[in-house]
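Let's take a friendly walk through this protein together. Have the sequence and the 3D view open as you read.

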Amino acid sequence: MKNVTLRQLRVFAAAARHKNFSRAAAELHLSHEMLHCANAIAQCLKEAEEALAQLKGVTGGRLNVAVISAGDYFFPRVLAAFGESHPGIDFNLTVHNRESLLRHLADNLTDLAVMVRPPTDMDIVAVPFAPHPYVIVASPSHPLASVRQIPRSALNEERFVQREQGSDTWNSMREVFGKQFPRLNIAMQIHSTETIKQAVVAGFGVAFLSAHTISLDLQAGNLVVLDVQGFPALLNWYLVHNRTKRLPPVAAAFKDFLLRDGAGLIEQLVEFRFATAPAEPHAQAVPPAGAGPARTARRRGARPQS
């Protein structure tokens, strides 16, 4: 063992990762118990190299970030803003649903994860860095589009088109509506936010969505934000990483950047507003549930039956 070199340890670790244990052990005269030691030494060397780079300032390196799908509407521009002041950095951005992102985090395949609802059963650091509003969206032709101060109970009569069960959006919706959630009519579950928006535009129903995913649709007039009491519902964007992970210098610098400038930057990048005018004294009122002709008029023409 006294003649084993660092290069041999690296070769042995690589061979073991490829499941070629017997040849690795025979060629290097090492026992399989050395695999963990080899990996640990290689990791220490990597961290030492990163620490030396940090002393010289963050002018390069690779930033690995994983985000939930709602983040892909603005997060590339956040990375671009960070890159302007840190030239030479390479970016690896991956977009996931919640289940995939948590696997990515658990397998240590990313430095940082950006999500809405950090897991409670993992040894992680989770820091809120920006508000994350959720709204109810509908087609501009929807009967509630021009109604002011819609009671939340009126949504019990609407068909919802939603992200799949278990997604961050689904769980956020369940938290926001609380005891009302089981009374909502979730008529369709779709894995794509873009497809949900198209379904809403087509008149399939309304949707509970992140306000950070709809700004272009509001500007184009494809969607409107319903003026529902208690909305927008404000949650938070969280920056998450494994507690035991020693962040590379570039990841540590990006974490500082998000905690310092993230909220203001996202507010600038993602704008949303109600597509209809502010409430007026003569604004239309919501018809009571089961109100005969008025109820029939609201239901006329738009949404298919389940």
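## Where two helices cross

α4 passes α9 in a right-handed crossing. Bear in mind as you look that this is a predicted model. The axes of α4, which covers residues 75-84, and α9 come within 10 Å and cross at roughly 120°. Angles of 65 to 115 degrees would count as roughly perpendicular, and only those over 145 as roughly antiparallel, so α4 is oblique to α9.

Which residues make the contact between α4 and α9? On the α4 side they are Phe 75, Arg 77, Val 78, Leu 79, Ala 81 and Phe 82. On the α9 side you will find Val 250, Ala 253, Phe 254, Phe 257, Leu 258, Leu 265, Ile 266 and Leu 269.

## A bent helix

Now follow α9 along its length. This helix runs through residues 249-269, 21 residues in total, yet its end C-alpha atoms are only 26 Å apart. A straight helix would reach 30 Å at 1.5 Å a residue. Where does α9 bend? Look at Asp 261, where the bend is about 65°.

Several residues of α9 are buried, among them Pro 249, Val 250, Ala 251, Ala 253 and Phe 254. Lys 255 is also on the buried list, together with Phe 257, Leu 258, Gly 262, Leu 265 and Ile 266.

## Loops worth a look

Some backbone details sit in the loops. A cis peptide bond links Phe 231 to Pro 232, with omega about 0°. Pro 232 belongs to the loop between β8 (224-225) and β9 (233-242).

Asn 108 is not a glycine, but its phi is positive, at about 60°. You can find Asn 108 in the loop between α5 (98-106) and β3 (112-115). Is Asn 108 buried or partly exposed? With a relative accessible area of 42%, Asn 108 is partly exposed.

Gln 149 is another residue other than glycine with a positive phi, near 50°. Its loop lies between β4 (124-138) and β5 (159-163). Gln 149 has 43% relative accessibility, so this residue counts as partly exposed.

## The whole chain

Stepping back, the protein has 10 helices and nine strands. Of its 306 residues, 46% count as buried. Among contacts between residues at least 6 apart in sequence, 79% join residues at least 24 apart.

Definitions and conventions: Residues numbered from 1 in each chain as written. Predicted model: local features only at pLDDT ≥ 70, side-chain atom pairs only at ≥ 80, totals over all residues. Heavy atoms only, no water. Helix = DSSP H or I, 4+ residues; strand = E, 2+ residues; numbered from the N terminus. Expected span 1.5 Å × (residues − 1). Bend = angle between axes of the 7 residues up to and from the residue. Buried < 20%, exposed > 50% of the residue type's maximum accessible area, 1.4 Å probe, protein only. Axes fitted to C-alpha atoms, helices over the stretch in contact; angles between N-to-C directions. Parallel < 35°, antiparallel > 145°, perpendicular 65-115°, else oblique. Left-handed = near helix turned anticlockwise from the far one by under 90°. Contact = heavy atoms within 4.5 Å.
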